Amino acid sequence: MMTEEGDFFMFIHIRLKTAVSLLCAGVLVLLTAVSLPAALRGKADETPRRPADGASEQAAEGTPVDVPILMYHSVCVNDRVRSDYYITPEKFEGDLQYLKHNGYTAVFISELADYAEGKGELPEKPVALTFDDGYYNWLTDVLPLLERYDMKGTFNVVGAYAEKEAQAEVRSPAYSYLTWEEIKTLAESGRAEIGSHTWDMHELGARRGCKKMKGEAAGHYAEALTEDLSRLQTALKENCDISPATFAYPYGEISKESVPVLQKLGFRAALTCDERVNKLVRDPSVLFSLGRVNRASRWSTEAFMGKYGL
Ligand SMILES: [Zn+2]
């Protein structure tokens, strides 16, 4: 039989056991509460990130970088009717001098893509020089000037023009186009990045440039664009060992349906003729609608640069 003393100790023992059990349960609840969100966070951190996710976070903190993209075409002495699509070598040199003296550093469009995709940095005052259509004078006049002023540019060629140029008997910097071999030479200078300006969609006919025609089925358009652009990609790979990452819309004629086609073919950026200075952030979604300002010969260097705040 238990004594009263025994009963008392039994009572204390039971109370202590209960208290310990409650304490353990409490600690368990507390531990679970602390560790569960941490576990969930850990799981989220392990999920592979697309570059865009990390980049968007940086963009939220960072200030957009002003990136003017200048658009040139032919650089030659031209006595034709006044055109907005050529500039004299003297004026082009004036532009380079101006940019140099004002602290600008030339960058390739692929460097803008790198930045927007969250890789690499940009110089303090970046400027992108772009050239459309594939002129022979890029080799005879533009390249020596780029070398003289330590600049570089993105040159967007038209496949059909390069192909046709192989048959040309007389050639002149005033009107000829680059052959495949010359495109390769230009690229090998290290001062030129080659971009695509379509194989043969550089006309304002039933189709405006490479824009989707009114009433054209989306599937038909995607097929036509893929076929045209693939032909130039293949030719550049075979003849020049180049895989362009930049696309320039002929005449700035854009269709939103073109973007998935461009991405599928490996392009990282597309140039429009939308006249504005780009505000680049660490967000690649801006890369397929980059604005450009056309450098027409009728402006003086100062007037042109001043117009866009350069
Ligand atoms: Zn063009």
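Tutor: Let's begin with a definition: two residues are in contact if their C-beta atoms, placed from the backbone, lie within 7 Å. This is a predicted model, where local features need pLDDT of at least 70, side-chain atom pairs count only at pLDDT 80 or more, and totals for chains, interfaces and linings use all residues. Residues are numbered from 1 along each chain as its sequence is written.

Student: Thanks! Which residues does leucine 99 touch?

Tutor: Leucine 99 sits in helix H3, residues 89–101; helices (H or I, at least four residues) and strands (E, at least two) are DSSP runs, numbered from the N terminus. Leaving aside residues up to four places away in sequence, the contacts of leucine 99 are Tyr104 and Val127.

Student: Is leucine 99 buried or exposed, and why?

Tutor: A residue is buried if 20 or more other C-beta atoms lie within 10 Å of its own, exposed if 12 or fewer, and partly exposed in between, with C-beta atoms placed from the backbone. Because leucine 99 has 22 other C-beta atoms within 10 Å, leucine 99 is buried.

Student: And where is aspartate 150?

Tutor: Aspartate 150 has phi near 50°, positive in a residue other than glycine. Aspartate 150 is exposed, because 11 other C-beta atoms lie within 10 Å. Its place is in the loop between helix H5 (137–148) and strand S7 (153–157).

Student: What is the phi of tyrosine 251?

Tutor: Tyrosine 251 is in the loop between strand S9 (246–248) and helix H9 (258–264). Most residues other than glycine have a negative phi. Tyrosine 251 is not a glycine, yet its phi is positive, about 60°.
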